[in-house]
Amino acid sequence: MSMRQLVSDILHLRTLTSLHIVPPFCPVDVSVFNFAQTESLLQRAYEKTLRWLESGGVERTKVPSALTIHSHAREH
Ligand SMILES: [Zn+2]
């Protein structure tokens, strides 16, 4: 699924239900075929999600910037 389609789906579905999108890692410097990093990625995702929850992420309704066109010139 392309990011454009995902964002389109999010914008549509959030009109129908309560939708919370945990921001994904971006950029991810590991190939999707590199399963040697799975445990590390899962741990990072767990910790990032905890920080997101603790910082009120559930209250935010905006599409995460990592899912939209952006650059890595600054942190998002
Ligand atoms: Zn990014």
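Trainee: Where does Pro27 lie?

Mentor: Pro27 sits in the loop between H1 and H2. Helices here are DSSP runs of H or I with at least four residues, strands are runs of E with at least two, and both are numbered from the N terminus. Keep in mind that this is a predicted model, where local features need pLDDT of at least 70 and side-chain atom pairs count only at pLDDT 80 or more, while totals for chains, interfaces and linings use all residues. Residues are numbered from 1 along each chain as its sequence is written.

Trainee: What makes the peptide bond that joins Cys26 and Pro27 cis or trans?

Mentor: Omega is about -5° there, and the bond is cis. For context, most peptide bonds are trans.

Trainee: How many helices and strands are there in the chain?

Mentor: Two helices and zero strands. The C-alpha trace spans about 40 × 30 × 25 Å along its principal axes.

Trainee: Why does Leu16 count as exposed?

Mentor: Compare the count with the cut-offs: a residue is buried with 20 or more other C-beta atoms within 10 Å of its own, exposed with 12 or fewer, and partly exposed in between, with C-beta atoms placed from the backbone. Leu16 has 7 such neighbours, so it counts as exposed. Leu16 is also in the loop between H1 and H2, and its C-alpha is 29 Å from that of Glu47, 31 residues away in sequence.

Trainee: And why does Gln37 count as partly exposed?

Mentor: Gln37 has 13 C-beta neighbours inside 10 Å, so it goes in the partly exposed class. Gln37, too, is found in the loop between H1 and H2.

Trainee: Why does Val7 count as partly exposed?

Mentor: Its 16 C-beta neighbours inside 10 Å put Val7 in the partly exposed class. Val7 has its place in helix H1 (residues 3-13).

Trainee: Which residues is Val7 in contact with, leaving aside neighbours within four places in sequence?

Mentor: Val63, Leu67 and Thr68. Contact means that the C-beta atoms, placed from the backbone, lie within 7 Å.

Trainee: How do you know what span is expected of helix H2?

Mentor: The rule is 1.5 Å times one less than the number of residues. H2 (residues 38-54) has 17 residues and reaches 24 Å from first C-alpha to last, close to the 24 Å expected.

Trainee: Why does H2 lie largely in the open?

Mentor: Zero of its 17 residues are buried, so H2 lies largely in the open. Across the chain, buried residues make up 0% of the 76 residues.

Notes. Contact = placed C-beta atoms within 7 Å.
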